[in-house]
Structures are given as C-alpha cells and as structure tokens.
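Visitor: Could you take me through this model, beginning with the terms that are needed to read it?

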Amino acid sequence: MKLLIIEDDEQIVEAVSLAFQIRWPEANILSTHSGKKGIDLVETENPDVIILDLGLPDINGFDVLKQIRRFSRIPILIVTVRGEESNIIKGLEWGADDYITKPFRQLELLARVKAHIRRQTQMEEE
C-alpha cells in the first residue's frame, strides 16, 4: 500500500507517518508540503490513497483535489482545520472520499484509510 500525504505541517506528517509505521508497517509513505508537487506525485507514483490538507502554501487544497480528479479515482481523504459545513460539502462534492477535521484521532484516520482502500480494491476486482 502506498500513501501520499499532501500536508504542509511537518508535525502532522510525522504523526501520521508514525501511526502508519506502527500499525501498518508495510505501508510506503510519500509526503510533500506542495500541492503542485503532490499532483505530480499522484501521476508518477500512483498511490493507493491520498491524505490532503486544504491549507497549502502554493495552491489551494480544493484546486489540488479538482486537478487530481481530472485524471484519477484514487481515494482522497481531506484532513484540515476547516470544519465549516460549507467546506465539508464543497470537498465531498468536488470529489473527496472523506473529510476529517483537525485535531483528529490517528487510529480513526488509519481505520478510514483502510476502509477506503478495501472499497477501492473490491471495486477493482469487480
């Protein structure tokens, strides 16, 4: 399983990476703080799932979501401090598979990622 984290907060990247390393050691974790580089990594690395922050330094996370959805159906989980209902609706309507607000529980995030990968795998097998 390959996970791409597009997140500019290094502490969150480290915390999520550590949780995956402990609970899912075979997971291959890629990360970037740049939305544009994240889009490139989706194309070149073909991850199984993406964790996307909305507040990125170079490009709005919603724009990253829209651009990825132009060429990929990879499950995308938005993880952000933006908890307003309008942002949640926008994220889900624009193609996110899940929306989690910070602060979040690491094990819950891990379980959600596994659930999305399980569903994706079942769809591909059908």
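Guide: A residue is called buried when its relative accessible area is under 20%, exposed when that area is over 50%, and partly exposed in between. The model discussed here is a predicted one.

Visitor: Is Lys-102 buried or exposed?
Guide: The cut-off for a buried residue is a relative accessible area under 20%. Because Lys-102 has a relative accessibility of 16%, this residue counts as buried.

Visitor: How far apart are the closest N and O atoms of Lys-102 and Asp-53?
Guide: Both Lys-102 and Asp-53 are buried, and a salt bridge is formed between them. The closest N and O atoms of this pair are apart by 3.5 Å.

Visitor: What is the order of the strands in the open sheet?
Guide: The sheet has 5 strands with parallel pairing, and its edge strands, each pairing on one side only, are S2 (28-32) and S5 (98-101). Strand S4 (residues 76-80) is joined to S5 by 4 bridges. The order is S2-S1-S3-S4-S5.

Visitor: Which helix packs on the sheet, touching strand S3 (49-52), S4 and S5?
Guide: The direction of this helix, which spans residues 106-125, makes about 160° with that of S4. The helix is H5.

How values were computed. Residues numbered from 1 in each chain as written. Predicted model: local features only at pLDDT ≥ 70, side-chain atom pairs only at ≥ 80, totals over all residues. Heavy atoms only, no water. Pairing = 2+ DSSP bridges. Helix = DSSP H or I, 4+ residues; strand = E, 2+ residues; numbered from the N terminus. Contact = heavy atoms within 4.5 Å. Axes fitted to C-alpha atoms, helices over the stretch in contact; angles between N-to-C directions. Buried < 20%, exposed > 50% of the residue type's maximum accessible area, 1.4 Å probe, protein only. Salt bridge = Lys/Arg side-chain N within 4 Å of Asp/Glu carboxyl O.
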